[in-house]
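Please consult the sequence and the model shown here.

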Amino acid sequence: MNVPDDLLYTESHEWIKREGGKVRVGITDHAQSELTDVVYVELPKMDRQANAKEAIAVVESVKAASDIYAPVKGTVVEVNKALEADPGLINREPFGQGWIFVLKIDNADDLKNLKDAAAYKQQIG
Amino acid sequence: MRASEIFPLLLGPGEDEGEEWKSSQRFESFSRGLRHMLPSLVWRVTEAAQKKTPLYDEHVRRGAKMVPFAGWLMPVQYTSIVEEHQAVRKNVGMFDISHMGQLIVDGSDSRSWLNTMLTNNIDKLEVGQGQYTFLLNERGGIIDDLIAYRISDKKFLLVVNASRTDEDFEWLDGHRANNVRLGDRSAHFGGVAIQGPRVTELFVNLPARNHIVDLELDGMPISMARTGYTGEDGVEVFFRKSDAIKFWNLVLEKGKDLGIKPCGLGARDTLRLEMCYPLNGSDLSPERNPVEAGLGFFVDFTKPNFIGRDVLLKTKENGSREKLVPFKMNDKGPPPRPHYSVFENGERIGEVTSGTLSPSLNWGVGMAYITAPHAKIGARIDIEIRGQKFPATIEKKPLYKKS
C-alpha cells in the first residue's frame, strides 16, 4: 500500500499536504482500496469554516457512504470540481488528481497533532 | 465442463439417511439452548466467533475482502463490486452461498404438512422442481423467503437464508406433524451460485429452469439447480463440504476463457436489487407480509390452510397500509441508501429499505416502503439524503432490463 513519506495523515485515513498556509486533503490509497469503486463525492462548500475532525465531505462507494473530516481547523478555499464528473479519480490517483479540498489553516501548530507516514503505516498494519 | 452422469433419484449428494438425521438434530438442540441462554452474546460476536464456510481459506488465499454477514465471515468483494457485477451481467461469476441453510423435510405426510407451512403450492411441484415461497408467522409476517425443491415424492430440500436457518428450523420443528421428519444438513454441505449468460458454455445438460438434478462431476456428487438471485441465467450447486474447494477451483479453471470471476456479497446485492429481488432483513421482515412486499404471486390463496393465510387474505382484500416499490433517482447524484426517508410534496410517506448505485445503469436506484395511496408507477417522490431532498420516480419491476 502506497503511503508517501512527504505527507501527513489522520486516523480517519485523510492525507494532508502542506502548501504554505494551506493544506490539500484527500483520502489515502488504503482508504480508497477499502472503499473501492467511488461513485459519488459530496464536496464541502467554498468558504466553509470547519473545526478539526468535523465531517465536511462525503465519499460514496457502491456499498456505503463515508464522511471525510477536516484534519485541522480552517476554511475551505478550494474544492476539486473534477470529482463531480469523475469520482473514480479517488481510486485511480488518491494522492494526485483525486484530492478533495484545500483548507486555509488557522494555526500551523495544529499540524503537529497529525500522524507522519511511519505512524500511519503502523496504524494500517 | 461435462456433467457426466445424471442420477434420477435426487436423494441429494452423499446424504446418509439415518446418521444424518440424528447428528443434525443433536447439533440443533445444542445450538438452540445456547442461543436462548445467551442472546446478547450470540449477536455481539467477535470476528473469531463468526462461522466460516468451507471456502473461507480459498477466499482469503485469493485476496477477497472478508466481512461478517449473518453470523458468517463472507467475501464482500474480490477486486471491485462493479467489476464483479459486470462479469455476471456479461460473462459469468461465481458466489459462495455455503452460508445458506439447507433443511430437509421427509416422511409420509411431508407434502401435506409443508403445504400448511409455506405460502406457495407444493402440490404444483413435480419431482426435481423448485419454487420460491414464504414461511410466515401467524400474523402473516415473513419469517423467511426460500426456495423449496421437491427432490423425491415425499422429500423436500428447503434452501433458506443464512441468518434465519436456526429460526426456520425451530419454527418448523415446533409445528411439525407426526410422520414428518425434519433435518438440517447445512453444516455438512456447501454451495455456490454460478451466474451469467455464459453459464451455458460452462456446463452441458443444464437442468430446466427452477429444476434441480443430481450429477456427478469429476468424482464429486453434486446437486445442480437452475436458479439464482441475479436475473441472469445460472445455476446454484450444492455439494459435500469436503468437495467445496475442489469444486470451486475446478469451475474457476474451466471458466477462465469465459471471463469467469469469483464474486462477493457486494455484487450479489447490486445484482439482486437491479432485479427488485427482496433481501430478507432489509426489504422483508416479520413485520412485513408478502402482499405489502408486492410478492403476492408466490402466495396460493386457493390452498385451504397455511399459517398466516387469514391475516394475509384480509390484507389482500382491504389493501395494505404500505407497499414496497422500486424507484430510480431522477438525476445523477448521491445514491439512495437504506433508512433514508421518502417524501411527497413535503409529507413523509415512507423509508428506503434497499438502495445503491446500480452498476448496470450507473444510476441511483432503490426500493422503499411507502404509504399505499402514493405507491403508483410513475409517481414522483423525494429521497432525503443528508438533509437535502433529491427527486426520484417510482418504477416498474425490474429496475434493470437486458437490452
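B:Arg386 is partly exposed at 35% relative accessibility, whereas A:Glu60 is buried at 0% (buried: under 20% relative accessible area; exposed: over 50%; partly exposed: in between; 1.4 Å probe, protein chains only). The two residues form a salt bridge with their closest N and O atoms 2.8 Å apart (a side-chain nitrogen of Lys or Arg within 4 Å of a carboxyl oxygen of Asp or Glu). The model is predicted: local features need pLDDT of at least 70 and side-chain atom pairs pLDDT 80 or more, while totals for chains, interfaces and linings use all residues. Residues are numbered from 1 along each chain as its sequence is written, chains are lettered from A in the order written, and side-chain values use heavy atoms, without hydrogens and water.

**Interface of chains A and B**
- Contact (heavy atoms within 4.5 Å) involves 15 residues of chain A and 17 residues of chain B.
- The rule finds 4 salt bridges across this interface.
- One of them pairs A:Lys63 with B:Asp269 at 3.8 Å, N to O.

**Salt bridges within chain B**
- B:Asp106 and B:Arg181 form a salt bridge, with 3.2 Å between the closest N and O atoms.
- B:Asp106 is buried at 12% relative accessible area, and B:Arg181 is partly exposed at 36%.
- B:Glu351 bridges to B:Arg348 at 3.3 Å between the closest N and O atoms; their relative accessible areas are 30% for B:Glu351 and 45% for B:Arg348.

**Network and total**
- Shared partners join A:Glu42, A:Glu60, B:Arg337 and B:Arg386 into one salt-bridge network.
- Over all chains, the search finds 36 salt bridges.
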